[in-house]
Amino acid sequence: MKRRNENPDWQELRLGNPGRFWTVMLLLWGLLLLTLLLNVNIGSVSIRTRDVFSMLWDGLRCWIANVLTRGGYARELAEVMHRSTESQILFSIRIPRMLLAAILGGALSVSGYLLQVFFRNPIAGPFVLGISSGAKMVVGITLIFLVNFLGSVSPATLILAAFLGSLLITSVVLLFAQKVHSMSMLLVIGIMVGYICGAVTDFCVTFADDHDVVNLTNWSMGTFSGASWENVRLAALLCIPGVLGALALCKPISAYTLGEGYAQSMGIRVKPFRVLLIALSSLLSACVTALAGPISFVGIAVPHITRSLLKSAKPAYVIPAAFFCGAVFCVFCDLIARTVFAPTELAIGTVTSIFGAPVVIYMMVKRRRNQEV
Amino acid sequence: MEPYFKTEAMAVGYDGHILIHDINIRLEKGKILTLIGPNGAGKSTILKSITRHLETISGKVFVGGQSLQQWQPKELAKQVAVVLTDRIRPELTTCAEVVAMGRYPYTNLFGHLTELDKAAVREALERVHALDLAGQDFATLSDGQRQRILLARALCQEPEVIVLDEPTAYLDIRYKMELLDILREMAQQKQLTVILSLHEIDLAMKISDYLLCVKGETIEAFGTPEEVLQNHAIEQLYGMESGSYNLLFGSVELSKPEGAPKVFVIAGGGCGIPVYRALQKKGIPFATGILFDNDVDFQVAQVLASSVVSTPAFEEITDGQYQQAAKLLLKCASVVDAGTPIGTRNLKNHQLLQLAREEKLPIYPVAKG
């Protein structure tokens, strides 16, 4: 540091630190691989690691062949997947579940990050602003009332419902954001709106048939346990383009961190950009809420951890790193939820809260100390 | 010469409510325009309107021959850059990164910085003498440093016009001078057109080619500092009810002590000013003389003394003026000898002192050195 001050050399000007970024990415990939393997191995039925690898290898090989030949190996693939009880557990339960946890965890982190960019405050997130509760409310209404008209509810319908709920609550919060300029007040409003949505959801539950409520209760606990390959495909289809979309916005996001005034003076069309941010964030959090129920604190804690790891707020670094960090975090939390009190399963939100909330408290305390809120 | 920047009958305000109308500015390339005026007069509103942060209510703004509406946002960003009053706090961002954001209109979809862009960042940092801050976290800077980095960011945008809203607020005198020096340099060397608002009238006079006085519903005055600032322009512009502003010195004096003079100050050649100010602080009304009207003391005496005996510059002091001074002196309870050097032209001041001694008036000499 001292030396740089005395001898300012262009080479030493820090315009991002790619070395650190790739180190963090490698670390995250390593951790993801590790947690994924742990997840595949550990469970009520223990499978020998060697078998896991051989089954994985067979499965992967057949799957690739199947994709390359456009369905030519479908029979072999099915055979590998249903060869034994163990392979069935592996291919129909554990692998889809952990893939879903990874994708949705990553999506949730990026969604939180986008909200933080939008509100220019690191404590914003889909859960604290009541957006998850809004999504839950609309999904609840769908599960209880609309189910009679629609017959059955597909995951895609749930995602649409959650997306509408997210957008609804986001617009309510935005309306308030125009009136109150203090972030703490906005958070309080978010929490209150969350309670109102919770109340509406409870109200619906009270007047619903028991049979419908079971669905809702299971879902609203927040869990990855219902994961199927269809869910994984849907999540990947929506979340990966969503995250790539966020990545494509990294240049305006970076300029936006200087505030709206500067952003506009640099040539950003601020209004469409803001709409795009909110739409992307809502889409990602809606996917998560619809497929796994409300999951708390990932959206705030993970981007913060990511920034601290990277020691940079450069969006081109933070977005991909936050995605993988969120994936690791959720796969890890799901592992705990699934195994610690087995055979009883914890709600995923319970575990993420235990790990996520302290991070948020730490951030708020540090923020109070360092600067005006 | 066709102005590079101009406004035609521009009206600005919020929510369709007109605050100031008929703003006509014409500014050639490489000139500096300063907006002065009291707080809340609408300086920021005008600046925001010419940077498109606020839509004008009527009238037009032209930059480089095109109206603001005709410019594509990204192309306009290559013409106009800003330094705002917004207090920004990007987290974990180095100064070099903040400056590099100025390259926004030039970089590709992902904001990749080419060698050319990096050279521009470096040049901008050098311009504001902040190359040593490049690697520092922006959040840890002092106000002065922060303002320099934000100026570097604006320069890095390579604009033709730069708009600065109160860039010297929060800065101490050294950083103020530095900042304005950089702007002057850029205007001269790079033909950069500068539009800024300032609270410091003295600095505004010195840096600006044009001044725009903002007060009330229309523009009070627009022109060169010499045209705009005449007589009591500043007192009127700011609605000063007490005190005065000296245009020649660019300095202020507090209000004149009221009442009949109690002290007579024999002054001249600059010795009087500290005495006048000391008396003003104590609230003692005084008379002073005999001053030549080109004397520095005369400038301050005019606004602080109850009465001043003066004579045109380079003329002998007449007996009439001496009598006038003597009359005032005899009415006073005491005399202060400010220690003015006595030469052939102001011997009469020596006579005044003698008169005071004869009349046994208490005489307070001002210690020298």
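This is a predicted model: local features need pLDDT of at least 70, side-chain atom pairs count only at pLDDT 80 or more; totals for chains, interfaces and linings use all residues.
Residues are numbered from 1 along each chain as its sequence is written, chains are lettered from A in the order in which they are written, and side-chain values use heavy atoms, with hydrogens and water left out.

Back to the strands (E, DSSP runs of at least two residues, numbered from the N terminus). E8(B) pairs with E7(B) in the parallel sense over 4 bridges, and with E9 (residues 193-197) of chain B it also runs parallel, over 4 bridges; pairing takes at least two DSSP bridges. Along E8 (residues 161-164), Val161(B) and Val163(B) point one way, Ile162(B) and Leu164(B) the other, and all are buried, meaning under 20% relative accessible area with a 1.4 Å probe, protein chains only.

Now for the interface. Chain B puts 45 residues into the contact and chain A 35, with contact meaning heavy atoms within 4.5 Å. Together they bury about 3400 Å², 61% of it on carbon and sulfur atoms; that is accessible area (1.4 Å probe) lost on being put together, summed over both. On chain B, Leu92(B), Met101(B) and Tyr104(B) supply 20% of the area buried against chain A, more than any other three residues.

What about salt bridges between chain B and chain A? The count is 0, taking a side-chain nitrogen of Lys or Arg within 4 Å of a carboxyl oxygen of Asp or Glu.

Notes:
Buried area is the accessible area (1.4 Å probe) that two parts lose on being put together, summed over both. Buried means under 20% relative accessible area, exposed over 50%, partly exposed in between (1.4 Å probe, protein chains only).
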